[in-house]
Amino acid sequence: MKASQAALVVAEVTSSQWGMITAAQARMHGVTRLDLSRLASAGHLVRLAHGVYRHAGVPSDDFEDLRAAWLSTAPGRLAAERLSDGPAGVVVSGPSAAHLHALGDLPADRHEFTTSQRKQTQRPDLRYHQRSLSDRDVTIRAGLPVTTVERTITDLVEARTDLSLVADVLGDAASTTTIDINVLSDLLAPLAVSNGLRRGDGAGLCRRLLESAGLDPDSLTQRIARSATYAALAEAARKVENIG
């Protein structure tokens with residue numbers, strides 16, 4: 001394929017997924033690895049990882065490496081197509097999810113994903129966890145499917161992450177009132193015994209984390225409730241105003 005044609009094809013694909021393209025996606029559109037290599041040599045593409053490139057005209061961001069890693073987990077499929085997979089697809093999780101949510105300060109020396117089916121890799125920068133997630137466990141952040149804050153915190157506790165670090169994640173989440181304490185308590189319930197609490201005491205484990213984060217559980221619950229109430233009242237007021 002001529003360089004100009006290859007550049008046009010690449011530009012079309014990259015326009016829909018953060019300026020990125022995989023070698024597998026390019027091949028499906030008639031662009032070979034040699035074509036990609038030539039475009040990279042000419043300065044049109046930047047190689048991010050094995051088989052993943054970014055259009056040189058698109059600036060990088062804090063999640064570039066994570067996005068490239070996620071694309072590489074199913075390199076033949078476009079990002080827009082994969083987002084419809086929901087919890088059955090490849091979902092950012094663990095410390096990678098905390099980073100994507102901008103919570104805490106966990107070391108993220110590899111990209112972690114959860115999948116419903118067993119998946120392996122020999123890449124040292126990737127790690128897969130097998131778990132069946134539900135719709136309530138997954139959200140979209142920065143264009144990527146990621147475990148919710150509540151599921152992320154639970155996964156970190158289950159992985160035996162230092163609880164003080166998990167508390168930092170919870171504290172950051174609480175400061176933005178994006179966390180549902182009741183949902184978190186339910187998710188933490190199966191982990192209560194392994195953390196020295198009575199069976200099913202997810203609320204107690206949640207309270208311990210909140211206290212470790214320097215937060216008062218009761219006042220936090222009240223603040224979140226007030227925030228939710230205010231948001232509901234504001235939405236109702238907007239609807240009345242629109243009707244008028």
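Predicted model: local features only at pLDDT ≥ 70, side-chain atom pairs only at ≥ 80, totals over all residues.
Visitor: Where does Asp85 lie in the chain?

Guide: Asp85 belongs to the loop between α5 (79-82) and β4 (91-92). Position in sequence and position in space should be read separately. Asp85 and Pro145 are 60 residues apart in sequence, and their C-alpha atoms are 9.1 Å apart in space.

Visitor: What share of the contacts in the protein join residues at least 24 apart?

Guide: The share is 55%, counted among contacts between residues at least 6 apart in sequence.

Visitor: How many helices and strands does the protein have, and what percentage of its residues is buried?

Guide: There are eleven helices and eight strands. Of the 244 residues, 43% are buried. The protein exposes about 13,000 Å², and carbon and sulfur atoms supply 50% of that area.

Visitor: Is helix α4 mostly covered or mostly uncovered?

Guide: Let us begin with the general idea. An α-helix has 3.6 residues a turn, so residues three or four places apart point the same way. As for the present case, α4 (residues 64-72) is mostly covered, with eight of its nine residues buried. Among them are Glu64, Arg67 and Trp70.

Visitor: How should I read the pairing of strands, and which strands does β3 join?

Guide: In a regular strand the side chains alternate between the two faces of the sheet. Here, β3 (residues 52-55) is joined to β1 (residues 20-22) by three bridges, and these two strands run antiparallel.

Visitor: How many residues lie between β2 and β3?

Guide: Two residues separate them, and the strands form a hairpin. In the turn, Gly51 has a positive phi of about 80 degrees.

Visitor: Which residues other than glycine have a positive phi?

Guide: Two examples may be given. Ala102 has a phi near 60 degrees and is placed in the loop between α6 and β5. Ala102 counts as exposed because its relative accessibility is 57%. Arg160, which is not a glycine, has a positive phi of about 65 degrees. Arg160 lies in the loop between α7 and α8 (163-175) and is exposed, with a relative accessible area of 54%.

Visitor: What is the volume of the largest pocket, and which residues lie nearest its centre?

Guide: The largest pocket has a volume of about 360 Å³. Of its 19 lining residues, Pro95, Glu112, Arg127, His129 and Ala159 lie nearest the centre. The elements that give two or more residues to this lining are α6 (94-100), β5 (111-115), β6 (126-130) and α7 (149-158). By class, the lining of the largest pocket has six nonpolar, six polar and seven charged residues.

Visitor: Which element gives the most to the lining of the second largest pocket?

Guide: That element is β7, with three residues. The second largest pocket has a volume of about 180 Å³. Its lining includes His101, Arg141 and Thr178. By class, this lining divides into three nonpolar, five polar and two charged residues.

Definitions and conventions
Residues numbered from 1 in each chain as written. Heavy atoms only, no water. Helix = DSSP H or I, 4+ residues; strand = E, 2+ residues; numbered from the N terminus. Buried < 20%, exposed > 50% of the residue type's maximum accessible area, 1.4 Å probe, protein only. Contact = heavy atoms within 4.5 Å. Areas by Shrake-Rupley, 256 points an atom, 1.4 Å probe, with all protein chains shown as cover. 1 Å grid on protein atoms, 1.4 Å probe; cavity = no way out; pocket = protein on both sides within 12 Å on 5 of 7 lines; lining within 4 Å. Points joined across faces, edges and corners; volume = space filled by probe spheres on them. Nonpolar A, V, L, I, M, F, W, Y, C, P; charged D, E, K, R; others polar. Pairing = 2+ DSSP bridges.
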